[in-house]
Amino acid sequence: MSYEVRSLNEECGVFGIWGHPDASRVTYFGLHSLQHRGQEGAGIVANNNGKLTGYRGLGLLSEVFKDERQLEKLSGQAAIGHVRYATAGNGSVDNIQPFLFKFYDGDMALAHNGNLTNAKSLRKELEKDGAIFHSNSDTEILMHLLRRSQKETFLDRLKESLNAVKGGFAYLIATEDSMVAALDANGFRPLSIGRMVNGAYVVASETCALEVVGAEFIQDVNPGEIIIINDEGLTVDRFTEDTQHAICSMEYIYFARPDSNIAGVNVHSARKNMGKILAEEAPVDADMVVGVPNSSLSAASGYAEASGIPYEMGLVKNQYVARTFIQPTQELREQGVRMKLSAVSGVVEGKKVIMVDDSIVRGTTSRRIVNLLKEAGAKEVHVRIASPPLRYPCFYGIDIQTRKELIAANHTVDEIRECIEADSLSFLSEEGLIQSIGLKFDAPYSGLCMAYFNGDFPTPLYDYEEQYQASLKEKTSFF
């Protein structure tokens, strides 16, 4: 294969605040706690008495705002911000959000987490009507729909526009006199609301961002809801009643920080449960349990607790390795893994090791980690994955949109075991995953989107249907 999938990546994180004298600085801290959701670019738009000003750039948040003066220019008592990992649109600064629009009748800014499944069709239709796009991101589509709408009030225009876009979306909109949050009809992406001691309202992709800025959680944004926040307080409205919970299961497995709560379920607790149930479903005789840092540590501790096998720190992650965008050769890719991860020979030498990881995409990274452990002297390495096999693409905001990238799409578990050179391999069952998370919604799979594992997509795929059907016929060998 000519490309390398380093890992799964979620599209982005959003943060907004209303009613704080230093809104842009609070937004910076909130975005910092969401940096794991996107490292490609970042931006903040501040509202100073109805005048919106913004700054955005490529790179990590600290790189974009390395000059303190950039934040100082963003004065005002309200702000929205965004950290980005692209699934739609390329990596140019034009695609970095929030998008800021200067219209004759007022300013407006927009930030988006997710992916629209009918973006191509809508863009074609809008361009035929004369719309001019400044980016190739699907986010800009909502603003064009808003401006095209003939409805009388902004709220009615927004409702009409939100009903036109399909797929996964968590929007934050800044107008001259309010901050608006909206979530798609399935609630694929998490979005939470908190309140600070001074009365300021905060909206964030994850609850960990609320805690970082000292806001108390008050409620989630529910599927199909519009939340309007202004000087008069918070108002809840809806753009549709046709809703069905389908929270992205990968949020619990991999994307979200362990200290976040999604739909009332703590992410660390859910991951620990995944490890416990995995130990029941796939026991193995071994000397120790080792988690792959960092997203698998919770599951590994659960596996160790349920199995009675000691948990050991057999793998250590270097937290200070710079991002390596270009790894053109296999040798450099191998070196990249060694820079980021080390096996502790003094711990694993001569031992039978259970290596717990959260998922397998292509299998290349798993093979390297198995080899690291064996080179460090591990006698056996038994791999246990705290999620079901990833067999299908995602079209709601994750950067896997073809089955060619997924080793489990065309290979049996034993073939994958052979590929990653493990002594044994087992995955968590779908039933085990649902039980681990423990949502109680009256919806298929208890309100989780499980499409990555079984191909049961909660919505029509619209523009992606043909691509998806073609991907089902793809046969890719990873051997």
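Reply: Buried means under 20% relative accessible area, exposed means over 50%, and partly exposed lies in between, with a 1.4 Å probe and protein chains only. The model is predicted: local features need pLDDT of at least 70, side-chain atom pairs count only at pLDDT 80 or more, and totals for chains, interfaces and linings use all residues. Residues are numbered from 1 along each chain as its sequence is written, and side-chain values use heavy atoms, leaving out hydrogens and water.

Me: Is Ser359 buried or exposed?
Reply: Ser359 lies in the loop between strand E20 (352–357) and helix H13 (364–375). Helices (H or I, at least four residues) and strands (E, at least two) are DSSP runs, numbered from the N terminus. Because its relative accessibility is 9%, Ser359 counts as buried.

Me: Which residue does UniProt list for "active site"?
Reply: UniProt positions are given in the numbering used here, feature names are shortened, and annotations may be inferred rather than shown by experiment. The entry is unreviewed, and the residue that UniProt lists for "active site" is Cys12.

Me: What is the relative accessible area of Cys12?
Reply: Cys12 lies in strand E1 (residues 12–18). Contact means heavy atoms within 4.5 Å; not counting residues up to four places away in sequence, Cys12 touches several residues, among them Arg37, His82 and Ser205. Cys12 is buried, and its relative accessible area is 0%.

Me: What is the phi of Asn49?
Reply: Asn49 lies in the loop between strand E2 (41–48) and strand E3 (51–58). Asn49 is exposed, at 79% relative accessible area. Its phi is positive in a residue other than glycine, near 55 degrees.
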